[in-house]
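Reader: I would like to learn how to read a structure of this kind. Please show me the case first and then take the features one at a time.

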Amino acid sequence: MSAEENRTDGVPAAPAGPRPEPLRFFGTTWVDHSRGYAVRRVGVAVGSLAAAVAACLLLRFAHQGLRIAEIGGFVSLLVVVMFAVCSALAFGHTWSSFSTRPDPDRQASLRGLMSIGFTGSLLAYFLRSLTEAPGEKLHRAEYEQAREEYDRRTTRRSGNPARKRRRDS
């Protein structure tokens with residue numbers, strides 16, 4: 001018996017090879033869509049939409065505060081345009097990060113823009129969660145590639161080459 005077969009705690013041993021990377025709110029349920037994956041997707045969609053609506057209300061209150069302070073139409077317009085542009089850029093950056101790994105240096109430099117345009121990121125998260133767990137497609141491709149490479153490495157040399165039959169030519 002091997003060490004894996006001789007487990008006494010009743011927990012099966014972890015499978016050999018690469019392990020899937022967990023996603024936020026989903027863990028590793030995205031691999032086989034088990035353990036409440038659909039419910040989690042609905043929860044993430046509803047939660048991100050509710051957070052985006054709350055953020056818009058917060059921005060509206062902030063804008064009303066600026067109007068009450070009578071800072072002028074030009075500054076008020078600049079604030080609205082700034083939040084709109086930052087939200088659009090944050091949406092695009094978040095959406096692209098679901099299909100390709102973002103560059104850590106670029107992501108660090110965009111931290112301020114992403115925090116100002118947080119409504120765009122929330123809306124991107126909402127829209128992606130309608131079709132899949134955000135980032136699932138990228139993680140699935142990376143996991144399947146890692147599994148294929150692992151299988152190729154482990155099956156390349158199997159058996160004892162000295163016992164191999166020779167072909168009669």
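Author: G17 is partly exposed, because its relative accessible area is 29%. Buried means under 20% relative accessible area, exposed over 50%, and partly exposed in between, with a 1.4 Å probe and protein chains only. The model is predicted, so local features need pLDDT of at least 70 and side-chain atom pairs count only at pLDDT 80 or more, while totals for chains, interfaces and linings use all residues. Residues are numbered from 1 along each chain as its sequence is written, and side-chain values use heavy atoms, with hydrogens and water left out.

Reader: Which residues is G17 in contact with, leaving aside its neighbours within four places in sequence?

Author: Contact means heavy atoms within 4.5 Å. On that basis G17 is in contact with R147 and Y150. The C-alpha atoms of G17 and R147 are separated by 7.0 Å, although the two residues are 130 residues apart along the chain.

Reader: Is T29 buried or exposed?

Author: T29 is buried, with a relative accessible area of 0%. T29 lies in the segment before α1 (37-68). Helices here are DSSP runs of H or I with at least four residues, numbered from the N terminus. Neighbours within four places in sequence aside, T29 is in contact with S34, R35, Y37 and R40.

Reader: How are two packed helices described?

Author: They are described by the angle between their axes and the distance between the axes. Axes are lines fitted to C-alpha atoms over the stretch in contact, and angles run from 0 to 180 degrees between N-to-C directions. Here α1 and α5 pack at an angle of about 155°, with axes 8 Å apart. That makes α1 roughly antiparallel to α5; angles over 145 degrees count as such, under 35 as roughly parallel, 65 to 115 as roughly perpendicular and the rest as oblique.

Reader: At what angle do α2 and α5 pack?

Author: Helix α2 (residues 73-97) and helix α5 (residues 118-129) pack at about 40°, with their axes 7 Å apart. The two are therefore oblique to each other.

Reader: Which residues form the largest nonpolar core?

Author: A nonpolar core is a set of buried Ala, Val, Leu, Ile, Met, Phe, Trp, Tyr and Cys residues joined through side-chain atoms within 4.5 Å. The largest one has ten residues: L23, F26, W30, Y37, V44, F98, A124, Y125, A133 and Y143. The elements giving two or more residues to this core are α1 and α5.
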